[in-house]
Amino acid sequence: MRVIPSIDISKGNAVKRIRGREGTGLLLGDPLKISSELRSIGYSSVHVVDLDAAEGKGDNLALIKSIIAQGFEEISVGGGIRDRQKVTELIELGVTKVVMSTLPFTDPSLFRQATEGFQDNVLVAIDYCNEEVLIRGWKESALTLRKAIQLVNSFNVRGVMFTYVCNEGTQKGIDRDVEKYLNEIKGEKGYAGGVGSLEDLIKLRDMGFDYAIVGMSLYGGVIRGVKSV
């Protein structure tokens, strides 16, 4: 299983929030410096989240372009991607995976239109806590986890990224109950939220995940440099 670092950007800075709440967690500084450091220690993939775009407070597209230019083999981008124009723009810039978490659940028909022809470059993020899927920057509840999985399977996209919002940014551990849903998922399977140890990563691998997104545990030095398990 691959281990992929995340760079979350707000107001031009890299941050790591606790459960998505603004003003919590770590202020890490220059996203370009961080992405360059990640490349230098051997990470070939990176996951970028535009928190401002997710919350409707502008975007950090210029920074994302600069991160893309640093030559990662694989780069996924999420946050505020809610129409075909944005999907097309990001893929044309060189993003290999576009991650969408609101449109699939608010307007499935429009989501299908927005991603038509790009399905192999699209992941649906199922951001959840207590079996409820959260949307619009984790501000609203949309539907149950099981119903979300059933819907996502109908889209025929590249795969699913689970984000366990209950523990996101806390290093308090992964959601071990998510294993019961994995056999229902079509395509690629990713996980984020609460990873706090190498043991957590090994458990995710044994569950059957293809990759894990790490942030707080990486920047805190707990699993820095771990690229696969």
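Predicted model: local features only at pLDDT ≥ 70, side-chain atom pairs only at ≥ 80, totals over all residues.

Analyst: Residues are numbered from 1 along each chain as its sequence is written, and side-chain values use heavy atoms, with hydrogens and water left out.

User: How many helices and strands does the chain have?

Analyst: Helices are DSSP runs of H or I with at least four residues, strands are runs of E with at least two, and both are numbered from the N terminus. Counted in that way, the chain has 10 helices and 12 strands.

User: What is the radius of gyration of the chain, and why does the chain count as compact as a globular protein of that length?

Analyst: The radius of gyration is taken over C-alpha atoms, and the globule rule is 2.2 Å times the number of residues to the power 0.38. For 229 residues the rule gives 17 Å, and the chain is close to that value, so it is as compact as a globular protein of that length, with a radius of gyration of 16 Å.

User: What percentage of the residues in the chain is buried?

Analyst: Buried means under 20% relative accessible area, exposed means over 50%, and partly exposed lies in between, with a 1.4 Å probe and protein chains only. Of the 229 residues in the chain, the buried share is 54%.

User: At what angle do helix α1 and helix α3 pack, and is the pair roughly parallel or roughly antiparallel?

Analyst: Axes are lines fitted to C-alpha atoms, for helices over the stretch in contact, and angles run from 0 to 180 degrees between N-to-C directions. Helix α1 (residues 31-40) and helix α3 (residues 61-68) have axes 10 Å apart and pack at an angle of about 20°. Angles under 35 degrees count as roughly parallel, over 145 as roughly antiparallel, 65 to 115 as roughly perpendicular and the rest as oblique, which makes α1 and α3 roughly parallel.

User: Which residues make the contact of α1 with α3, and how do they divide by class?

Analyst: Contact means heavy atoms within 4.5 Å, and here it is made by Pro31, Leu32 and Ser35 of α1 together with Leu63, Ser66 and Ile67 of α3. Ala, Val, Leu, Ile, Met, Phe, Trp, Tyr, Cys and Pro count as nonpolar, Asp, Glu, Lys and Arg as charged, and the others, Gly among them, as polar. By these classes, the contact of α1 with α3 has four nonpolar, two polar and no charged residues.

User: How do α3 and helix α4 pack, and which classes of residue make up the contact?

Analyst: Helix α4 covers residues 84-93, and α3 packs with α4 at an angle of about 30°, with axes 10 Å apart, which makes the two roughly parallel. The contact joins Leu61, Lys65 and Ile68 of α3 to Glu89, Leu90 and Leu93 of α4. By class, these residues are four nonpolar, no polar and two charged.

User: Is Leu201 buried or exposed, and which residues is Leu201 in contact with?

Analyst: Leu201 has its place in helix α9 and is buried, with a relative accessible area of 0%. Leaving aside neighbours within four places in sequence, Leu201 is in contact with Met1, Val3, Val195, Ala212, Val214, Ile223, Val226 and Val229.

User: Which residues is Lys203 in contact with?

Analyst: Lys203 is also found in helix α9, and at 25% relative accessibility Lys203 counts as partly exposed. Lys203 and Ile174 are 29 residues apart in sequence, and their C-alpha atoms are 8.8 Å apart in space. With neighbours within four places in sequence left aside, the contacts of Lys203 are Ile174, Arg176 and Glu179.

User: What phi does Asn156 have, and where does Asn156 lie?

Analyst: Most residues other than glycine have a negative phi. Asn156 lies in the loop between α7 (145-153) and β10 (159-164), and at 60% relative accessibility Asn156 counts as exposed. Although Asn156 is not a glycine, its phi is positive, at about 60°.
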